[in-house]
Amino acid sequence: MNDRSHTVFVLAAVALGVVPLSSYADQTIHVKLSDNMIQLDPGTAKAGRVTFEVNNAANGKTEHEFVVLRTDLDDAHLPVDKGLVTESRFRKMGEVEDLAQGSTKRLSLKLAPGRYVLICNRPGHYEMGMHTSFVVAR
Ligand SMILES: [Cu+2]
């Protein structure tokens, strides 16, 4: 593709809404999983494409996971049954499973404005403190 046809292609893509310039900014949230907490940097995002870069930074050999739930509930007060948060009660946006100690995986989601809760739902891990809230602004 020469320069001119490339320009035409890009303009056509923008006109069609294939490449919405206003919401194009890619947002990366660095997620650090420890055995008793989940830390986010930064802790909020704007609506649109959000990529969670999830690192298992636990000291031991414990595997963790990372689940994104859409809910207005306080992250510390989710329903729990036998050590597991009852995920079926929520809209699950996505998850990263089987994250070995020291490893990093990415999860890219399109998120609408609202409140979310991020948890690790390995047995007992939620109750150990592996949860945090996450707000997506307009
Ligand atoms: Cu965990």
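In what follows, a residue is called buried when its relative accessible area is under 20%, exposed when that area is over 50%, and partly exposed in between, with a 1.4 Å probe and protein chains only. By that definition His125, at 14% relative accessibility, counts as buried.

Colleagues, a word on the basis of these values. The model is a predicted one, in which local features need pLDDT of at least 70 and side-chain atom pairs count only at pLDDT 80 or more, while totals for chains, interfaces and linings use all residues. Residues are numbered from 1 along each chain as its sequence is written, and side-chain values use heavy atoms, with hydrogens and water left out.

I begin with the metal site. Which residues supply the protein donors of the copper ion? They are His64 through ND1, Cys120 through SG, His125 through ND1 and Met130 through SD, at 1.9 to 2.7 Å from the ion. A donor here is an N, O or S atom within 2.8 Å of the metal (3.2 Å for Na, K and Ca); water is not among the atoms, so sites may look incomplete. Along the chain, the spacing of these donors reads H-x55-C-x4-H-x4-M. The angles among the 4 donor atoms run from 88 to 135 degrees, and the site is tetrahedral. That label applies to four donors if all angles lie between 85 and 135 degrees; four count as square planar and six as octahedral if opposite donors are over 155 degrees apart and all others between 65 and 115, and anything else is irregular. Met130 is buried, with a relative accessible area of 0%.

I turn next to the sheet. Strands (E, at least two residues) and helices (H or I, at least four) are DSSP runs, numbered from the N terminus, and two strands pair if DSSP finds at least two bridges between them. An open sheet with mixed pairing is formed by 5 strands, in the order 3-11-10-5-8. At its edges are strand 3 (44–46) and strand 8 (91–99), each of which pairs on one side only. From one strand to the next the twist averages 20 degrees, where axes are lines fitted to C-alpha atoms, for helices over the stretch in contact, and angles run from 0 to 180 degrees between N-to-C directions. Strand 5 (residues 64–70) and strand 8 run antiparallel and are joined by 6 bridges. Val68 stands opposite Gly94 of strand 8.

Within strand 11 (residues 131–137) we find Thr132, which counts as buried at 16% relative accessibility. Which residues does Thr132 contact, apart from neighbours within four places in sequence? They are Ile38, Leu40, Asp75, Tyr116, Val117 and Leu118, contact meaning heavy atoms within 4.5 Å.

The charged pairs follow. A salt bridge is a side-chain nitrogen of Lys or Arg within 4 Å of a carboxyl oxygen of Asp or Glu, and the whole structure holds 7 of them. One of these joins the side chains of Glu53 and Arg106, at 2.8 Å from N to O. Because Glu53 lies in strand 4 (residues 48–56) and Arg106 in strand 9 (residues 104–111), this pair ties together parts that are 53 residues apart in sequence. Arg106 counts as exposed, at 61% relative accessibility.

A salt bridge also links Glu63 and Arg122, whose closest N and O atoms are 2.9 Å apart. Here too distant parts of the chain are linked: Glu63 sits in the loop between strand 4 and strand 5, and Arg122 in the loop between strand 10 (114–119) and strand 11, 59 residues apart. Glu63 is partly exposed, at 32% relative accessibility.

Lys92 and Glu95 meet through their side chains in a salt bridge of 2.9 Å, N to O. Both are partly exposed, Lys92 with a relative accessible area of 37% and Glu95 at 28%. Salt bridges with shared partners also join Glu63, Glu65, Asp98 and Arg122 into one network.

I close with backbone geometry. Asp98, placed in strand 8, is not a glycine, yet has a positive phi of about 50 degrees. Asp98 is partly exposed, at 45% relative accessible area. Lys82, in the loop between strand 6 (80–81) and strand 7 (84–85), has a positive phi near 50 degrees and is likewise a residue other than glycine. Is Lys82 buried or exposed? At 75% relative accessibility, Lys82 counts as exposed. Finally, the peptide bond from Asp41 to Pro42 is cis, with omega near -5 degrees, and Pro42 lies in the loop between strand 2 (37–41) and strand 3.
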